[in-house]
Amino acid sequence: MSTAAAPIREGIIATGIDPTSWAYTEDYTGEDEVVTGARASAEEIGISSIGPGAASALSMLAAATGAKAVVEIGTGCGVSGLALLRGMRADGTLTTVDLDAENQRLARQTFLDAGVPSNRFRLIAGSALDVVTRLTDGHYDLVFCDADKREYTAYLHEALRLLRPGGVVAFDNALLRGRVADPAHRDPDTTSVRDLIRAIRDNDDLTSALLPTSNGLLAAVKRA
């Protein structure tokens, strides 16, 4: 067997995944008219939605865990919530929290347009940390967070309380469009995401992965 070093493929090992491959992975599963409509609604009101690749990953995580009870922090217009619902068990319930009642009105319409029965989701308007502290310990299979980046570490603390052993916590925007990996960026959002990444990486009770899909998806399994 040759011991010569493998050549570095420009644009992949040297600079990360090449743009063509990244775009291919983002479009891998495709999106229907309900999702594209929800994305359009989000754009109209000036909020960002989870990327297609990360949404696909959420559906997979929900399916892999056999999720029946899921908490979402940051409802938006329903793109991520619908991804979770589509991966969950048919008898599963999504609890989704957002400060903005108008966001939740649009998300409700997204869910109904997709044919999701209204008894499969509950939308709670309010501060995430005020709401989730009232939820039941160890009851949930998956917690997904996509809200105030400066509260990410606090969300992690609550998620670990809410999750059953073997449950999954996931955070969107874990790369912040390159800011997290660039030490020159020291704004509060970026610093908070870095703190979260360290907290998850250094927690011996978690098995984690930082995925470069969409704008970065950080996921971790709570060990038994």
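**Exercise 1.** Which residue just after α2 takes a positive phi?

Solution. The residue is G46, with a phi of about 80°. This is a predicted model, in which local features need pLDDT of at least 70, side-chain atom pairs count only at pLDDT 80 or more, and totals for chains, interfaces and linings use all residues. Residues are numbered from 1 along each chain as its sequence is written, and side-chain values use heavy atoms, with hydrogens and water left out.

**Exercise 2.** Describe helix α2 and its buried side.

Step 1: V34, V35, A38, R39 and A42 are buried (under 20% relative accessible area, 1.4 Å probe, protein chains only; exposed is over 50%). They lie on the same side of α2 because they cover an arc of only 140° around the axis, taken from the directions from the axis to the C-beta atoms.

Step 2: The face turned away from the buried side carries the exposed residues E33, E43 and E44.

**Exercise 3.** What caps the N-terminal end of α2?

Solution. D32 does: one of its side-chain oxygens lies 3.2 Å from the backbone nitrogen of V34.

**Exercise 4.** What covers the buried residues of α2?

Solution. The cover includes α3 (52-64), α4 (79-87) and α5 (101-113).

Note on methods
Helix = DSSP H or I, 4+ residues; strand = E, 2+ residues; numbered from the N terminus. Expected span 1.5 Å × (residues − 1). Contact = heavy atoms within 4.5 Å. Polar contact = N/O pair within 3.5 Å; in protein donor to acceptor, adjacent residues only side chain to side chain.
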